[in-house]
Structure formats: C-alpha cells, structure tokens
Amino acid sequence: MFQALIDVVLPVFLVIGAGYAATLAGYFKPEHIDGLMRFTQGFAIPCLLFRAIAHLDLNASFDPALLGSFYAGATLCFAAGLFGARYIFGRDWEDSVVIGFCCLFSNSVLLGLAITERAYGPENLTGNYAIIAIHSPFCYGLGITVMEVIRNRGRGGLKMASSVLSAMFRNVLILGIAMGFAVNLSGLGLPQILDDGLSLITRAALPGALFALGGVLVQYRPEGDLRVIAYVCVISLMAHPALVWLFGSALAVEQGLFRSGVLNAAMAPGFNAYIFANIYGRAKRVAASSVLIATGASIFTVWAWLTLLGSAAP
C-alpha cells in the first residue's frame, strides 16, 4: 500500500520540493525560475509533445471511450465549479467562470505525465498523450467561450470567436501538438538526426518543469476564500477522477488507457488556471491558492487513486 507512495509519488514531489526549497532559500532567484519555466514550458515540453504526437499510433491511442470519459467528467466539474461558485458561495459570474476553469484544467503535462510514467513506465503513456493532445484546446475553448458569452451577454459573436482562437493559437503547447499531428498524418516521419536531437531536449523537459513548478509555488500564498479553495480541491482531486472511473468502467475502457484517464483527472489544477484568471483579472487569489494547496494535497490523493487502481487491476 505504501509502496506506490514511496516509489511513484514522493520522487516527483521531491523534485518539486527541491525547487521550492532552493527558491525559498534564495539560491534560485525568481528570474532564474522564470527562465527555467520559459525553457521547459515554452520550448522543451512543446518539443516533447511534438515528438510524442509525431510517433503516436493515432488509431490505437485516440479511443473515443477514453476521451469521452475524461472530457465528460471535466465538463461536469467545470459546471460544478461554475454554478457552485455562483449559487453556493455567491461569487459573480466572471469569478465563477474562473473558479469553474480551476476545477476543469488538471495538470496533465507536468504531473500527469511524470506520475503515470513512474507508475506504469514510458511505454504506457499512450492515453496521456491522447488526452493532452486536445486538453488545452478543449479547456481554453470551453472556458473562454463561456466567459465571453457572459461578458458580452450573448452579443459580439465574432469578437468572441476571435478571442477563443487567438488565445488557443498563442499557446506554444497547442502549436507543438499541431505540428506533431502534421508530421504524423503526412506519413513522412522525422529524420533520425532531428529525432535524436529532440530526444536529448525532451529528457530535460519534465524534471526541469517540476523543479520550476516548485520555484513558482513560492510566489503563491494561501489567501482568498478558503471555502471556495477547498471546494476546488475536492472537485479537481476527487470528483473528476471518480467521474472518469465511473464513465470509463461503464464504457469498458482498456485497462492501460483507463489508468491514464483516472490519473490525469486526479492531478491538481495546472498553472493554466492562474493564467486564465490573470487574463481576465478575476478570482486570481483563489486560482493561485487552489494551484498551491491542491498540488500539496495531491501527494496523498494521487497515492489513494494509485492504490485503488492497483487493487482494481485484474
């Protein structure tokens, strides 16, 4: 029972903790962490996703039952965050959309990939890459569309569509994924020398990003409405994976893909939740605190989900 915590979860969070401690102690300055984050999220991880999608067996990985289970759960969690913030906690509609986005956007790249790889090996990341391939377009598309509809109260459809598309296609992760699909669908493959170079770069992507994640978390302080933050944590860490488990079981998702779906859903809200809040200038303290507190709490909740997945294995 404790083996998953020791072998899978703690090493990932030790790297995050090392980044947090080094930054808190002043050994790494905020500008150093910003540079590392810029390298990993702006270059190394897009390269990782580009290479993974370029090599992906699209017929085997894009399982409709997996994607339906994951994104049906994500959409329900977005709705729970949106309407819960509005009608339970009395936040205005714009704040409520941001809080819904925090419940929607799980950290499927930095945490999901790292933990699934440690738990099941790099050969079992097919489901992760399938989810990641449409994660940002889906989540940003849903969040921005709902926000623009609320802000414009249904008017200015052309402006709303422009906002959605420009926000998505400024995202380098989406560009990396799109380029990977272009190579994959062309059937040309990557030249060996390029593939080897990308392989060297991508080895630094996840450990560097996890270390930078710890450094960035130093800048956050738990503040805002702690009841709302706790609500976000429960939905993102417990409700979303539970829904994916329910839907995936009903649709008989293949075991390897099922584990990827549940684990990705069990991740804490990603930095994109704070980025989304910052874009609109709404509920920023709730978004930042949710990322911080949920990331810490996920040490134990991810361990619990790994234990359940292990006990459910045939």
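At the start of helix 5, a side-chain oxygen of Asp92 comes to within 3.3 Å of the backbone nitrogen of Glu94. The model is predicted. Helix 5 covers residues 93-104, twelve in number. From first C-alpha to last, helix 5 reaches 16 Å, close to the 16 Å expected at 1.5 Å a residue. Eleven of its twelve residues are buried, so helix 5 is largely enclosed by the rest of the structure. The buried set includes Glu94 and Asp95. Ser96, Val97, Val98, Ile99 and Gly100 are buried as well.

Helix 2 has 26 residues. Its first and last C-alpha atoms lie 36 Å apart, close to the 38 Å expected at 1.5 Å a residue. Helix 2 bends by about 35° at Thr40.

The largest pocket holds about 640 Å³ of space. Its lining comprises 20 residues. Met37, Gln41, Val172, Asn272 and Ile275 lie nearest the centre of this pocket. Two or more lining residues come from each of helix 2 (30-55), helix 9 (172-186) and helix 14 (271-280). By class, the lining has twelve nonpolar, five polar and three charged residues.

The second largest pocket has a volume of about 520 Å³. It is lined by 22 residues. Leu48, Glu117, Pro122, Leu125 and Tyr129 are the closest to its centre. Helix 1 (3-24), helix 2, helix 6 (108-120), helix 7 (126-152) and helix 11 (205-217) each give two or more residues to this lining. The lining of the second largest pocket divides into 14 nonpolar, three polar and five charged residues.

One cavity of 30 Å³ or more was found. The largest cavity has a volume of about 150 Å³. Sixteen residues line it. Nearest its centre are Phe105, Asn107, Val109, Leu173 and Asn272. Asn272 is also among the residues nearest the centre of the largest pocket. At least two residues of the cavity lining come from each of helix 2, helix 6, helix 7, helix 9 and helix 14. Eight of the lining residues are nonpolar and eight are polar. The cavity lining has no charged residues, whereas the lining of the largest pocket has three and that of the second largest pocket has five.

Conventions:
Residues are numbered from 1 along each chain as its sequence is written. This is a predicted model: local features need pLDDT of at least 70, side-chain atom pairs count only at pLDDT 80 or more; totals for chains, interfaces and linings use all residues. Side-chain values use heavy atoms; hydrogens and water are left out. On a 1 Å grid over the protein atoms alone, a cavity is a set of points where a 1.4 Å probe fits but cannot get out, and a pocket is an open set with protein on both sides within 12 Å along at least five of seven lines; lining residues have an atom within 4 Å of a point. Grid points are joined across faces, edges and corners, and a volume is the space filled by probe spheres set on the points. Helices (H or I, at least four residues) and strands (E, at least two) are DSSP runs, numbered from the N terminus. Ala, Val, Leu, Ile, Met, Phe, Trp, Tyr, Cys and Pro count as nonpolar, Asp, Glu, Lys and Arg as charged, and the others, Gly among them, as polar. The expected span of a helix is 1.5 Å times one less than its number of residues. The bend at a residue is the angle between axes fitted to the seven residues ending there and the seven starting there. Buried means under 20% relative accessible area, exposed over 50%, partly exposed in between (1.4 Å probe, protein chains only). A polar contact is a pair of N or O atoms within 3.5 Å; within protein, one must be able to donate a hydrogen and the other to accept it, and residues adjacent in sequence count only if both atoms are side-chain atoms.
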